[in-house]
Structure formats: C-alpha cells, structure tokens
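Here are a few exercises to work through with the coordinates open beside you. Try each task before you read its solution.

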Amino acid sequence: MLKGSQTWVFANHPVISSTGVVGGPFEKNGNLADDFDKLHDNLWMGQDSYEKAQRVLIEDAVDIILKKTGLKEEKIQFFLAGDLINQITPSSFAARTNQIANLGLFSACATSMEGLALASFIINYQGAEKIITGASSHNASAEKQFRYPTEYGGQKPPTAQWTVTGAGFALVSSGINETKPHPRVTSATIGKVIDLGISDPFNMGGAMAPAAVDTIERHFQDLQIDPSYYDLIVTGDLANIGRNIALDLFQQKGLKINEDKFNDCGLLIYKKDQPVQSGASGPACSATVLYGHLLNQMKKGVYKRILVVATGALLSPLSFQQKETIPCIAHAVSIEYM
C-alpha cells in the first residue's frame, strides 16, 4: 500500500530468492571480487564492441540465476532491466536472448532500485510469481558515450568517478513456500527529480547527493521511523564527494544519521590503491554491491535491515551539449533478512 506520499509498503514481503553478479577485469582486482559469481578477464568478453560486451554481462547474470535455481526462462514472468547506453540496447538485446516478457527501465545509475521496487510491487500484488530484475554498465561503453573514449586517454579531475563494468540481477519471488530466512523487500520510496544547478559531468556525486538526501528524508517521514531502524543506509554511487555533501545536508536538515552506518557502494567496490578518483559509479555499482556483497553480509548476520538508495544523474550527451544542468533522482528500497 502507499504510505505517506512516495513510499510503498509491501505487506507480503517479496523475497530476493537468488542473484547473479558478474564483473570485468578491474572488478576482478577490486575489494569485493569474492562476492561476484563470475569475473571476465578483459573488457571485450569475446565481442567486437563494448556495447555487445555489456549485453554479455547481462546474459551471464541471468544465466547464473537460472542455473542456481534450476528454473527455465518460461517460469519467469517478467524481465525488468536497464542501463546507460542509448535506448538501453544492451538490456533490450539481452531480453531478445532470454525471451522473457520485458519491461525496459531507465533511471540512470538509480535503475537497480527502480527495478527492485517495481518488481516487488508487482509480486506483492500478485501480478507475477517470479521476476528477474537488475542493471548493468560497462566502463568503456559509458566513457565513449558520455565523456571520451578510453583510448583517448583524457585526464580526469579528482571529482570524477569510475564506471563499474558489471551486471547485478536478482530473482524476486512471492516466497509463499519459503520457510528459511531470506532477504525480503519491505518497502520502497520512489524519488523525485532534483536539480540544484550543477552542470559538470565530472561531478556526478555532487549533483546526485541532494536527490539521495531528499529520498532518504521522505522515506523516514512517510514511514514515521527513525534512521536507527537500519543497520546500514547505503547510497548507490555518490562516492567520496557526494557522500560528504550528503552528510552535510543531513546535518542541515536535522536528520540524525550515524556516519558509521552511512556508506556508499562507490566506496566499497574498489581497493584504495585503484585509480578511481572519487570512487565508483554506474548502474552496476549499486546492483553488484547489493546483489553480491551486501546480501552475502546479510546472510552472515552482519546486517538485519538495510536501506539501499540508488542514485542516478539523468543527463544525456545531447542535454549536456545544450548546456542543460543535471537533473538527478534516487530510489530507496528497504531489505530485511527474515
């Protein structure tokens, strides 16, 4: 049901039954390599373009879920996915492969939680029994589209972030017959588009932080709960710059969020000696960290309740060329292990 103005509460607690998490060579050397199901040795992945390689990431992730569960594609009702590339072609072409009824999504780097929120809503109200949802990105395809091809070797400022090469997908189900504890989706807060006038495409964290804070504040207002309810509040890809801005905004708004319990996927995925400037970004950033590392931590008992707030910058090469500022969005999903 709708609670407050922007939050869905899922009384039936849809289950995250299985996951598939795939990464590239940079992620293979990262901080969370052990939490990936599969890691590729190069960016090409046997393809002749980076966009086709990104499609392979998605296909791999879906295939891993099907193999883990023993399910066939025809047992999955819907496929909800998105990415950064024009017309979300990697996701659509992967849907052409798996032949699952498809709903294409776009919230930039917030797509992972848009998909999980919508999948949970559909499952909660008996619109389906099984849905696969997730998001992907590829460092070289994103750089080529939004900035400069990697071969160009352009220098980046300290505020820039490194797009994750990866795909994180989950099977969301009704969990009617589940008796053992599982990660369950209990609520989701859908964000508003926030634009405070930043136009620098190399400062995504700064641009997205106000949207993240707005959604987090709304989540607590709608549900009438305290931030201490969660063991961890984690944003998608604010990275170092954006996280610090978010902490300042929390203080200004009087939101008492424990700094030690507020982290960012863009700060978790890579090692400190990897040259990623401010941190990681991309739709696969929150998708791989959640469906790999964070759910593994929940299963180990490290966290019981987490709030995942994926953040997205809704710019395009065309909007940037037309001197537009960067509108941003954040979607929050509450996951509890029970």
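## Exercises with worked solutions

**Exercise 1. Find the partners of strand S10.** Which strands pair with S10, and in what sense?

Step 1. Three bridges join strand S2 (residues 7-9) to S10, and the two run antiparallel. Helices (H or I, at least four residues) and strands (E, at least two) are DSSP runs, numbered from the N terminus, and two strands pair if DSSP finds at least two bridges between them.

Step 2. Now check burial, where buried means under 20% relative accessible area, exposed over 50% and partly exposed in between (1.4 Å probe, protein chains only). Seven of the seven residues of S10 (residues 183-189) are buried, so this strand is largely enclosed by the rest of the structure.

A word on the model: it is predicted, so local features need pLDDT of at least 70 and side-chain atom pairs count only at pLDDT 80 or more, while totals for chains, interfaces and linings use all residues. Residues are numbered from 1 along each chain as its sequence is written, and side-chain values use heavy atoms, with hydrogens and water left out.

**Exercise 2. Work out how helix H3 is oriented.** Which residues of H3 are buried?

Step 1. In H3 (residues 89-98), the buried residues are Pro 90, Ser 91, Ala 94, Ala 95 and Asn 98.

Step 2. Seen down the axis of H3, they fall within an arc of 140° (taken from the directions from the helix axis to the C-beta atoms), so they line one face of the helix.

Step 3. The buried residues of H3 pack against helix H2 (50-69), strand S5 (78-82) and strand S6 (102-104).

Step 4. Finish just after H3, where Gln 99 takes a positive phi of about 55°.

Definitions and conventions
Contact means heavy atoms within 4.5 Å.
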